[in-house]
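Thanks for coming. I will take a few minutes to walk through one structure, starting from its inside.

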Amino acid sequence: MAEVLFYAKPGCPANAKQKTQLEAAGHTVVARDLLSEPWTPETLRPYFNDRPVEEWFNRFAPAVRSKEVVPADLDEAAALEALIKDPELIRRPLIQVGDRREVGYDPTTLNAWISLIPVSDGLSCDEKHAQGRCDHGHGHHHH
């Protein structure tokens, strides 16, 4: 079981679902607001490891969609500057466990890293819901 630092956008349904998946696997998720974090190049850069600059960006961010920001045209320094100026551009979520940091929610990577297997009886959350016996408290009320 790991303590997972999880930088996400508050109110983002995809991030909320990812958080639930991590918690179901028995991890402690410490959720942080990606958009209000005071990022610096030094704190942000390690999340991207050796990925190409284009993969640092949220493809769905308004500035990327409008072509105001074209990730492929940026070098590392310019990319970091753009991401820090407008954190909406940062690909979500950013995840840190111990000293390791990753960007994006890739179940394969995460499962190999910290395990995403739900801890109870190996049934997925959806399978439990189908049976009406979700037991990991996401505030559902089964009547």
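Which residues of the largest nonpolar core touch the most other members? Before the reply, two notes on the source. This is a predicted model, where local features need pLDDT of at least 70 and side-chain atom pairs count only at pLDDT 80 or more, while totals for chains, interfaces and linings use all residues. Residues are numbered from 1 along each chain as its sequence is written, and side-chain values use heavy atoms, with hydrogens and water left out.

Now the reply: Phe48, Phe57, Leu89 and Leu94, out of 22 residues in that core. A second, separate core has 13 residues, including Ala2, Ala8, Val97 and Leu110. By a nonpolar core I mean a set of buried Ala, Val, Leu, Ile, Met, Phe, Trp, Tyr and Cys residues joined through side-chain atoms within 4.5 Å. Buried is under 20% relative accessible area, exposed is over 50%, and partly exposed is in between, with a 1.4 Å probe and protein chains only. In soluble globular proteins, nonpolar side chains tend to be buried together.

Back to Phe48. Setting aside neighbours within four places in sequence, Phe48 is in contact (heavy atoms within 4.5 Å) with Trp56, Leu80, Leu83, Ile90, Leu94 and Val103.

Glu42 and Leu80 are 38 residues apart in sequence, and their C-alpha atoms are 9.4 Å apart in space. Glu42 lies in helix α2, residues 41-44. Is Glu42 buried or exposed? Glu42 is exposed, because its relative accessible area is 62%.

Next, the chain as a whole. The protein chain has 6 helices and 4 strands, taken as DSSP runs numbered from the N terminus (helices H or I, at least four residues; strands E, at least two). Along the sequence the pattern reads β-α-β-α-α-α-β-β-α-α. Of the 143 residues, 36% count as buried. Among contacts between residues at least 6 apart in sequence, 60% join residues at least 24 apart.

Last, a pocket, meaning an open set of points on a 1 Å grid over the protein atoms alone, where a 1.4 Å probe fits, with protein on both sides within 12 Å along at least five of seven lines; lining residues have an atom within 4 Å of a point. The lining of the second largest pocket includes Cys12, Phe57, Arg91 and Tyr105. Phe57 is also among the core residues I began with.
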